Amino acid sequence: MDILFQGSVAKYLDRPEDNEDAYDVAAERGRIVVSDGASESYDGKSWAGLLTKAFAEAPPAEEALATCVEAFTALHDPASMGWSKAAAYERGSFATALIVQEDLAEQAVAIQCVGDSCAVLTDGKDLLNVLPYQKASEFEGKPTLLSTLPRHNTHLFASGMFSVPEVVWSYKDARPLFLLCMTDALGAWLLRSHEEADGGLALERLLEVRSEADLSTLVELERAEGRMRRDDSTLVIALL
Amino acid sequence: MYSAEISRTIPTAFLFLVDQSGSMQDTMENDKSKAQFVADVLNRTLATLITRCTKSEGTRDYFHVGVLGYSGSSADNGLSGALGSAVLHPISQIEANPLRVEDRTKRVDDGAGGLTNQSIKFPVWFEPQAAGGTPMCHAITRAAEELAAWCDAHPDSYPPTVLHVTDGESTDGDPADLANQLQRIGTNDGTVLMFNLHVSTAGGDPVKFPTSDAGLPDSYAKLLFRMSSPLPPHLQKAAEEKGIKATMESRGFVYNGEIAEIVDFFDIGTRAAQLR
């Protein structure tokens with residue numbers, strides 16, 4: 001895969017340090033990881049960063065998640081916190097994980113997804129495949145996320161063993177295609193625009209992004225027009 | 001309407017109206033006085049609000065919060081000390097200024113099918129009080145003054161929410177018209193939402209967000225039901241996500257129930273489904 005763009009724009013441009021999204025791209029290994037730290041988290045930013053780093057190197061297995069929890073625990077000392085920070089810490093920190101692995105031999109990408117970070121396969125005109133949601137309205141619900149607290153990760157053991165569902169999208173005989181990985185505000189905006197039959201304009205504008213300045217211009221305009229939710233917005237565009 | 005983002009730049013407000021009259025000394029079915037029940041509810045609700053806003057770097061001011069207590073013939077700031085200078089405060093100021101922080105024990109899941117004791121810090125801002133009459137009309141008028149000024153200063157904010165906790169026995173007249181007037185104050189995003197929590201010694205099961213006053217135990221409950229705002233669609237949805245039945249006809253009325261969860265209805269960003 002060729003990476004055409006990777007970048008992120010904070011919820012507020014004057015507070016980039018508050019951006020709780022994280023991403024990691026290793027084009028030579030065909031791997032993309034995006035994570036969106038939830039706002040209602042004690043430290044969603046660190047949690048998203050730890051997950052991204054771990055899943056860029058290894059599959060999202062039980063051991064890898066446990067290592068992330070240990071690393072997160074090492075960052076904080078609840079015993080030394082005041083009552084409010086201790087209470088917020090005890091609620092847990094939460095983040096999404098969107099993990100893409102290209103299989104060049106099979107000409108396919110495997111997508112694993114927890115939460116509402118979004119992957120789209122497109123030929124530049126149509127949305128050929130979309131995960132995890134098919135409708136923009138689905139982004140309005142509260143997503144089930146990866147937590148720093150094991151008691152909140154039982155959804156990963158739904159089959160009795162740890163597993164993160166995987167979907168494989170083949171692009172055999174269909175190149176060139178674009179793979180877009182993005183956090184929820186961008187995903188909801190793209191799907192809504194598509195549902196409103198915008199003639200592919202939103203997709204076209206998204207595919208034209210080549211710098212953080214481009215992304216910033218796009219999301220600020222759409223936020224100002226009330227068409228895009230104000231949230232940290234991360235985008236990775238890969239050419240397959 | 002009711003769609004404005006709640007953020008540090010454009011916060012929303014919660015104003016608690018708390019009945020501190022003599023009738024609040026009465027004992028409820030749970031053996032607590034109504035005043036003690038109300039104080040616990042208020043302290044827990046404030047702590048819930050603050051916890052939602054607190055991150056590793058501190059408490060973010062998504063909310064402005066105030067308390068008006070009423071008894072005798074007046075309605076006054078229910079918070080004291082550093083919080084006594086004004087009624088509404090950024091929530092970080094509330095966090096920083098409890099009266100005290102108590103050590104309490106909570107029974108929690110031990111992860112192995114049993115329960116275990118967990119030490120927790122329980123902040124207290126508000127003490128139970130019960131004396132004198134119930135100047136509810138005066139209190140609602142004072143709330144209207146505070147919120148009109150707040151809305152003028154925050155025209156683009158999600159409108160304020162009033163959480164009124166009382167046994168309903170107003171001694172300075174019928175508050176219904178004043179409650180309606182209060183709910184006409186607003187921002188560009190909508191008018192004030194008024195929730196009423198009726199605490200009663202009459203007993204019976206708690207009631208949340210009923211669609212009519214049929215079945216409510218007395219005239220005070222029925223009055224408070226009429227004074228309560230209809231739930232806007234996004235709050236109906238938020239209630240349903242918490243497993244509370246709510247429809248288009250539901251009103252923001254709770255009988256002998258918990259209101260801490262009401263402050264969970266207001267989104268300040270992504271919240272995991274696991275935190276329902």
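**View 1. Pairing of strands S1 and S12 in chain A.** In this predicted model, S1(A) runs antiparallel to strand S12 (residues 233-239) of chain A, and the two are joined over 7 bridges. Within this pair, A:Gly7 lies opposite A:Leu235 of S12(A). Helix H6 (residues 212-224) of chain A packs on the sheet and touches both S1 and S12 of chain A. The direction of H6(A) makes about 55 degrees with that of S1(A).

**View 2. The open sheet of chain A.** The sheet of chain A consists of 5 strands in the order S1-S12-S11-S7-S8, and their pairing is antiparallel. Strand S1 (2-9) and strand S8 (127-131) of chain A each have a single partner strand, so these two stand at the edges, with one side of each left without a neighbour in the sheet. On average, neighbouring strands of this sheet are turned by 10 degrees against each other, direction ignored. Strands of a sheet pair through backbone hydrogen bonds, in either the parallel or the antiparallel sense.

**View 3. Helix H4 of chain A and the residue that follows.** Helix H4 (residues 184-195) of chain A comprises 12 residues. From its first C-alpha to its last, H4(A) reaches 16 Å, close to the 16 Å expected at 1.5 Å a residue. The helix is mostly covered, with 10 of its 12 residues buried. Among the buried residues of H4(A) are A:Leu186, A:Trp189, A:Leu190 and A:Leu191, as well as A:Asp184 and A:His194. Just after H4(A), A:Ala197 adopts a positive phi of about 50 degrees.

**View 4. The contact between chains A and B.** Chain A contributes 21 residues to the contact and chain B contributes 23 residues. On the side of chain A that touches chain B, helix H3 (residues 83-91) of chain A gives the most, with 7 residues. By class, this side of chain A has 9 nonpolar, 5 polar and 7 charged residues.

**View 5. The crossing of H3(A) and H1(B).** The axes of H3(A) and helix H1 (residues 34-53) of chain B come within 8 Å of each other and cross at roughly 70 degrees. Because angles of 65 to 115 degrees count as roughly perpendicular, H3(A) is roughly perpendicular to H1(B). From H3(A), the contact involves A:Ser84, A:Ala87, A:Ala88 and A:Arg91. These residues meet B:Ala47, B:Ile50 and B:Thr51 of H1(B). By class, the contact of the two helices has 4 nonpolar, 2 polar and 1 charged residues.

Technical notes
Residues are numbered from 1 along each chain as its sequence is written. Chains are lettered from A and ligands numbered from 1 in the order in which they are written. This is a predicted model: local features need pLDDT of at least 70, side-chain atom pairs count only at pLDDT 80 or more; totals for chains, interfaces and linings use all residues. Two residues are in contact if their C-beta atoms, placed from the backbone, lie within 7 Å. Helices (H or I, at least four residues) and strands (E, at least two) are DSSP runs, numbered from the N terminus. Ala, Val, Leu, Ile, Met, Phe, Trp, Tyr, Cys and Pro count as nonpolar, Asp, Glu, Lys and Arg as charged, and the others, Gly among them, as polar. The expected span of a helix is 1.5 Å times one less than its number of residues. A residue is buried if 20 or more other C-beta atoms lie within 10 Å of its own, exposed if 12 or fewer, and partly exposed in between; C-beta atoms are placed from the backbone. Two strands pair if DSSP finds at least two bridges between them. Axes are lines fitted to C-alpha atoms, for helices over the stretch in contact, and angles run from 0 to 180 degrees between N-to-C directions. Angles under 35 degrees count as roughly parallel, over 145 as roughly antiparallel, 65 to 115 as roughly perpendicular and the rest as oblique.
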